[in-house]
Amino acid sequence: MGLLSLGTPLPWKEVQKYADHVREHGIEQFLHIWKNTKDERGNSLLWGDEVEYMVVSFDDESKSAFLSLRQAEILTALEENEKKQRKVENDLGMGSGQRIPTFHPEYGRYMLEATPGQPYTASLEDLVNVERDMNRRREIAKEHMLPHEFPVTLTSYPRLGAPGQFTDPYYPPTGNASRSFFLPDELINPHARFPTLTANIRERRGSKVAMNVPIFKDKNTPSPFIDPTIPYDRDIYPEDANAREGTAKPDHIYMDSMGFGMGCCCLQITFQATDIDEARRLYDQLAPLGPIFLALTAASPAWRGYLSDQDCRWNVIAGSVDDRTEEERGQKPLKNQRFVIPKSRYDSIDYYISQSMDCRPEYNDIDLVIDDKIKKRLTDAGVDEKLANHYAHLFIRDPIVVFSELVDQDDTTSSDHFENIQSTNWQTMRFKPPPPGTNIGWRVEFRSMEIQITDFENAAFAIFIVLLTRAILSFKLNFYIPISKVDRNMQVAHRLDAVINEKFYFRKDIFAPLHHSHDAHSTGSETASEDASVSLYSSDANASTDSIVNTRVKPVDEEYDLFTIDEIINGRKSKRMSNGSGSDVEDEMDEFPGLVKLVQDYLDSMSVDVETRCTLNEYMDLISKRASGKLYTTARWIREFIRGHPKYQFDSVVGSEVNYDLVKTVEQLTLGNEWNEAGEKLLGGMSGTRYRSS
């Protein structure tokens with residue numbers, strides 16, 4: 001959830017006074033880090049995942065499932081029982097016990113985040129242990145909960161903010177931080193950062209946040225749908241007038257609090273690169289994949305007790321932290337603000353940053369709003385224009401939370417002001433400099449994926465992304481498309497069953513042109529990787545890298561096409577006529593190999609034992625079948641479960657008992673049960689039995 005500091009948070013009116021101070025010193029802190037680490041080379045591949053849980057409290061007698069607000073007690077118990085965790089882990093044969101998971105607080109008091117105790121390496125042994133590690137984290141968390149509580153991995157909780165009780169214990173929907181119609185402030189993590197962040201976003205914006213998700217029009221859903229649960233006549237806070245003034249739209253599910261977005265769970269993967277140049281390359285190459293994996297992991301079709309007409313969380317979170325004023329949103333002429341800002345601070349990236357020759361200027365095709373003063377400071381210090389643009393863009397934002405004790409810092413040893421802005425730009429990718437005073441390298445974070453129900457699924461997606469980064473670097477893959485097309489793909493990814501019904505812009509030729517052989521930062525290993533990619537993917541096995549470098553550069557609009565996700569993941573074939581036995585016959589040829597084949601080819605280039613390969617193939621089989629539609633996305637499975645429940649009235653309402661049965665089934669799937677029964681369309685045919693809880 002970003003930077004957590006101890007101290008006294010300032011109210012928004014005081015934070016405003018320090019905005020320039022935080023920005024200026026944040027840039028000085030970055031420059032100190034950059035100068036000390038920009039020339040470092042040879043860091044090893046390390047990576048880690050972040051898995052977020054919702055703690056659910058079951059009342060089996062009333063058939064109700066609530067969000068348990070016992071985060072603090074659970075985290076305290078986890079910390080106090082570290083020795084017990086070490087012993088249990090050793091008893092299970094998981095090595096020396098050094099990789100004891102770390103648990104962290106999240107925005108919601110019902111949420112936990114768990115990470116590996118130590119980063120994973122590039123070894124195949126670490127890859128095949130990821131599922132077991134995720135499973136053990138969940139088991140440890142469950143051991144420190146009450147018998148009727150369970151840690152589920154759902155992206156959005158279907159009845160968060162619905163009428164009646166949805167938390168344990170119950171609190172009425174009110175509170176001065178969010179001033180929400182639907183959520184109590186008691187739902188927010190009590191650490192000073194979180195309620196202050198909530199209040200300061202609202203105050204800076206000048207109104208409550210407003211998210212409107214289209215309602216799923218079932219056969220008994222009123223049309224137009226005017227939500228009867230919105231208390232239009234409430235008059236406790238000035239912002240209560242927002243809904244009456246039109247922020248709540250007909251035919252939409254209206255949400256008015258940061259908790260609806262930051263109360264979601266996701267799966268995030270962070271990679272350490274060998275150096276800053278490799279990190280910049282990975283940042284760019286993974287960016288076009290963000291929307292693809294958002295759609296592929298879609299898992300959030302229900303909001304505030306209603307079925308929605310979309311499958312993903314991203315736009316809800318973007319709205320939930322959108323602190324832009326009316327001027328910054330372009331609704332009023334600029335007077336008190338510096339910029340019109342097209343996006344929320346939680347959104348897809350706006351700019352590619354690699355200095356590779358593959359990164360053509362035409363790809364950065366949207367107007368980038370930057371702070372010219374900050375850019376000048378960066379370039380004057382020697383930062384190249386692309387990286388200067390990146391940070392001059394991020395730093396158009398104000399800090400939201402400032403602690404009085406941390407206003408004055410030593411810019412040579414601290415990065416708090418830098419992280420204050422950096423960590424509250426929540427984008428699909430995050431470029432992460434080394435923390436000062438550590439041996440950590442330059443990192444990138446892949447942030448778009450939704451959390452999946454089982455550890456098997458989450459491990460599959462994490463491992464696949466890791467292997468894909470290895471293929472990107474080994475084969476010098478080129479996924480660049482214009483940023484505007486990535487933005488369009490992000491919107492399409494939200495649509496109902498986008499994974500099977502929609503098409504996404506994607507690069508057609510991902511192997512050429514390979515400009516990297518003339519990159520000033522090329523190394524011998526990079527050249528070897530280029531040679532490997534030529535032999536694997538060139539029709540002429542004797543082709544040289546120079547012949548590829550000199551390939552005609554096409555116009556940008558000829559480099560990409562519309563693909564289904566099945567084609568992106570599993571490959572696209574084209575038909576051609578060939579002459580065989582004296583007559584023309586039609587056969588198929590690979591037009592685009594598909595990401596699964598790229599990963600398989602990367603594994604073919606390594607020495608992988610049969611058992612390990614079978615395990616990895618099972619994970620790729622899940623992803624392949626999700627992409628083809630043979631297995632449902634989590635969103636489609638949840639929607640079908642709700643619509644197939646005997647208590648569902650086909651009016652888009654997710655009732656309490658429907659929600660209870662859904663979450664109980666999720667619990668059973670998590671425990672490894674019912675995969676070929678209730679979960680058949682989600683997990684049917686998959687095994688992954690070795691590490692599932694019993």
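Among contacts between residues at least 6 apart in sequence, 76% join residues at least 24 apart. The model is predicted. The protein holds 26 helices and 19 strands. Of its 694 residues, 60% count as buried.

| Helix pair | Residues | Axis distance | Angle |
|---|---|---|---|
| α2 and α13 | 19-37 and 372-380 | 11 Å apart | about 25 degrees |
| α6 and α16 | 130-143 and 455-475 | within 9 Å | roughly 135 degrees |

**Helices α2 and α13**

Helix α2 packs against helix α13 at an angle of about 25 degrees. The pair therefore counts as roughly parallel, as angles under 35 degrees do. The crossing of α2 past α13 is right-handed.

Which residues meet here? From α2 come Arg23, Glu24, Ile27, Glu28, Phe30 and Leu31. From α13 come Lys373, Ile374, Arg377 and Leu378. By class, this contact has five nonpolar and five charged residues, and no polar ones.

Ile374, Lys375 and Leu378 are buried.

What covers the buried residues of α13? The cover includes α2 and α14, the latter spanning 385-394. Two of the buried residues, Ile374 and Leu378, are among those that α2 meets.

**Helices α6 and α16**

The second pair joins α6 (residues 130-143) to α16 (residues 455-475). Their axes come within 9 Å and cross at roughly 135 degrees. That angle makes α6 oblique to α16. This crossing, too, is right-handed.

On the α6 side, the contact is made by Val130, Glu131, Met134, Asn135 and Arg138. On the α16 side, it is made by Asp455, Phe456, Asn458, Ala459, Ala462 and Ile463. How many residues of each class take part in the contact of α6 with α16? Six are nonpolar, two are polar and three are charged.

Key: Residues are numbered from 1 along each chain as its sequence is written. This is a predicted model: local features need pLDDT of at least 70, side-chain atom pairs count only at pLDDT 80 or more; totals for chains, interfaces and linings use all residues. Side-chain values use heavy atoms; hydrogens and water are left out. Axes are lines fitted to C-alpha atoms, for helices over the stretch in contact, and angles run from 0 to 180 degrees between N-to-C directions. Helices (H or I, at least four residues) and strands (E, at least two) are DSSP runs, numbered from the N terminus. Angles under 35 degrees count as roughly parallel, over 145 as roughly antiparallel, 65 to 115 as roughly perpendicular and the rest as oblique. A crossing is left-handed if the near helix is turned anticlockwise from the far one by less than a right angle, and right-handed if clockwise. Contact means heavy atoms within 4.5 Å. Ala, Val, Leu, Ile, Met, Phe, Trp, Tyr, Cys and Pro count as nonpolar, Asp, Glu, Lys and Arg as charged, and the others, Gly among them, as polar. Buried means under 20% relative accessible area, exposed over 50%, partly exposed in between (1.4 Å probe, protein chains only).
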